[in-house]
Amino acid sequence: MNVLIIEDEKALAHELEFFLVKNNYICEICYDGASASEKIAVNLYDFILLDLGLPDYEGLDLLREAKKANPEAACIILTARAEVTDRVKGLDLGADDYLAKPFSLLELQSRMQAITRRKFGITQTVIDLDGFLVNITDRTILYQVNPVNAITKKEFDLIAYLLLHKNRTLTRAQLSEHIWGSVINDDYDSNFIDAHIKNIRKKLSAFAPVDWLETVRGLGYRIKTNV
Amino acid sequence: MKLKTKLTLFNAISKLVIVTLFILLLPNIIEKINKSYTDNRLVKQKDKLLQIVRDKGIKTYIENGESYGSYLPLKEEYISLDEVEPTYHLDTIKDEQRLVERDTIDYRILSHTFKAGKKNYLLEIGKSTETIGETTGPLQNIAFQILLGMILLTILADQIYSNYILRPLSIIIRTKLIGNKFPKVTVYKGVKTSTSDFQHLDISIHKMVETIETAFQKEREFISNASHELMTPISILQSKIENMFEQDDIADELKVRLLEMQKILNRLKSITKTLLLISQIENDQFLKEDIISVNDLLQDVYEEISIRLQDRNISMAILVIDNVELLGVNKFLLFNLLFNLINNAIKYNRTDGEITVTGQWIKNNYTIKITDTGIGIATEELPYIFNRFKKMKQSLSQDSFGLGLPIVKSIAAFHQIGIDVVSEQGVGSTFTLTFPVKLTGSSPAG
């Protein structure tokens with residue numbers, strides 16, 4: 001998939017590119033609005049990652065141009081200007097998602113995958129983990145044919161996020177940010193991810209062993225699967 | 001009492017006192033005036049008579065030693081002339097009674113002895129006191145009425161004038177002091193007045209408000225700008241760490257250190273985000289258009305927070321005795337308000353402790369009470385718990401940076417929700433949120 005990164009902070013643009021290329025996306029970078037405007041007019045992209053705070057261009061204007069020239073492209077707004085009105089305006093103008101800086105690259109990837117699923121009509125995503133059938137779209141888990149009902153919304157979010165980034169160690173900080181990203185509180189080191197994982201293991205192991213959910217010592221958690 | 005009322009009241013009372021005194025003294029004064037006037041007239045009549053005697057001789061009145069007397073038909077005045085002993089001497093004006101044709105009448109009498117020829121005479125001129133006093137009553141009445149009218153008129157005039165002259169003051173009080181959400185930027189609108197004191201007052205108040213407002217504005221702008229400017233570098237660092245963490249050639253030992261960096265960066269991120277949130281709330285950047293029931297809101301918070309109870313086996317009860325729909329609120333902010341209060345109730349609780357959240361009408365306001373069985377807050381620290389970065393002695397061991405309650409405070413202020421804290425050290429704390437009627441509608445009971 002083709003991604004256009006419009007970001008005036010070069011260091012950030014490069015990290016985004018590095019991450020996305022590693023995850024099999026093809027990237028182009030623009031550091032300013034003028035060149036981005038040209039690129040949008042000429043090329044077709046699947047994703048446009050747009051920083052609203054460009055020095056030379058009104059970010060929302062660029063979004064309008066992108067929607068006109070590249071109607072198929074999914075636009076994700078990235079901004080440090082966290083004004084609430086920006087968010088509303090951006091989504092009104094047809095942006096597909098909105099990420100406030102600073103954001104986790106994993107979060108960006110999961111949003112992009114969600115958009116891909118939605119836009120490109122991948123209707124059912126069921127993953128088999130040693131007999132546990134995890135349905136990402138319906139948000140259900142079956143063990144063979146038996147529904148696993150005890151799993152809460154938060155717990156499912158955790159499983160889905162780990163699954164999305166399967167075979168990759170996710171740190172507690174990354175998981176916390178995904179689960180509690182919108183909660184503003186003054187804890188900086190509280191870790192309730194462990195409690196969640198403990199609960200998940202307890203609930204699932206009533207059906208079968210959950211060896212696929214691994215604790216990576218000192219680092220975090222990982223779902224290991226070769227599916 | 002208002003200044004205007006006080007002034008009017010003082011004016012009225014002082015005038016009434018003066019007028020009452022005057023009215024009381026009036027009979028005396030009139031009597032004195034009348035008397036002196038009468039005496040004057042009597043003396044003049046005497047002089048006139050003596051002149052006649054000198055010009056024409058005593059014989060005009062007296063012949064053969066007979067006495068002379070004359071009075072007006074209604075006996076209100078009389079005159080008499082008698083021969084008396086040569087040594088007798090009298091020159092007085094007195095109130096005396098005289099018998100005139102069987103009537104005893106009170107007179108003001110001038111008695112005067114004089115010599116004419118070789119004889120001594122006594123002249124008496126009398127004026128009935130009744131005729132002297134008869135004007136006193138009507139005069140008093142008229143004076144009373146006129147004065148009363150004048151008083152009413154002046155009180156009215158005073159009232160109108162003080163109203164007029166104090167108008168700028170009441171305008172200043174009404175528009176610039178009462179009901180002004182302090183401080184608030186408003187374009188300076190001078191109050192029209194020719195009274196320099198009021199002009200001075202008006203301008204001083206305006207300048208003070210402006211100074212305070214500028215200071216607040218600067219602080220807000222600074223926090224907002226600083227937070228924005230910090231977000232980008234944090235974002236770059238976070239991405240770099242995440243990318244490094246994924247790299248295959250990095251040893252686990254190094255990954256642990258990257259993780260520590262990530263934690264510290266998260267802390268920086270949390271502080272920055274929280275400060276930005278507070279500044280956004282204080283700059284009125286959030287909409288208040290959501291509708292949510294207290295029950296749903298508390299359930300949402302419970303869902304997010306229940307995992308935190310597990311660790312120390314804390315039990316939490318949500319008692320929504322009366323459920324209400326909150327109108328015109330910001331769901332995200334209210335969620336964070338309750339989350340932070342309940343989060344504190346968990347953090348500062350003891351193992352096996354309890355938390356009770358109660359939602360109910362108390363009198364005319366809806367309230368949510370959050371009671372914990374935690375360490376409590378020392379009385380001397382209570383006034384400071386909502387200050388930014390203020391950490392209480394007991395909370396030093398906790399992983400927080402002292403912005404939880406400031407968030408709570410600014411969200412509550414944004415919704416005009418009142419917060420009360422009651423706490424006893426070692427027993428626990430109760431935070432009470434009192435919702436304004438406009439968010440909840442009025443109480444079904446009243």
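Two strands pair if DSSP finds at least two bridges between them. Strands themselves are DSSP runs of E, at least two residues long, while helices are runs of H or I of at least four, and both are numbered from the N terminus.

Okay, some ground rules. This is a predicted model, so to speak: local features need pLDDT of at least 70, side-chain atom pairs count only at pLDDT 80 or more, and totals for chains, interfaces and linings use all residues. Residues are numbered from 1 along each chain as its sequence is written, and chains are lettered from A and ligands numbered from 1 in the order in which they are written.

Let's start with chain A. Here we've got an open sheet of 5 strands, ordered β2-β1-β3-β4-β5, and the pairing is parallel. At the edges sit β2 (26-30) and β5 (97-100) of chain A, each pairing on one side only. From one strand to the next, the twist averages 20°. For angles like that, axes are lines fitted to C-alpha atoms, for helices over the stretch in contact, and the angles run from 0 to 180 degrees between N-to-C directions.

Zoom in on β1 (residues 2-6) and β3 (residues 47-51) of chain A: they pair in the parallel sense over 4 bridges. Which residue in β3(A) does Ile5(A) stand opposite? That's Leu49(A).

Now the helices on that sheet. α1(A) lies across β1, β2 and β3 of chain A, at about 170° to β2(A). Helix α2 (residues 33-42) of chain A touches β1 and β2 of chain A, and its direction makes about 140° with that of β2(A).

Next, where the chains meet. Chain A puts in 35 residues and chain B 44, where contact means C-beta atoms, placed from the backbone, within 7 Å. On chain A's side, α1(A) gives the largest share, 6 residues. That side divides into 19 nonpolar, 6 polar and 10 charged residues. Nonpolar here is Ala, Val, Leu, Ile, Met, Phe, Trp, Tyr, Cys and Pro; charged is Asp, Glu, Lys and Arg; the others, Gly among them, are polar.

Last stop, chain B, with 10 helices and 12 strands. The axes of α5 (residues 252-282) and α9 (residues 404-414) of chain B come within 9 Å and cross at roughly 20°. So α5(B) and α9(B) are roughly parallel, the word for angles under 35 degrees. Among the residues that meet there are Leu277(B) and Ile281(B) from α5(B), and Ile407(B) and Phe414(B) from α9(B). By class, this contact has 7 nonpolar, 2 polar and 1 charged residues.

Methods. Angles under 35 degrees count as roughly parallel, over 145 as roughly antiparallel, 65 to 115 as roughly perpendicular and the rest as oblique. Two residues are in contact if their C-beta atoms, placed from the backbone, lie within 7 Å.
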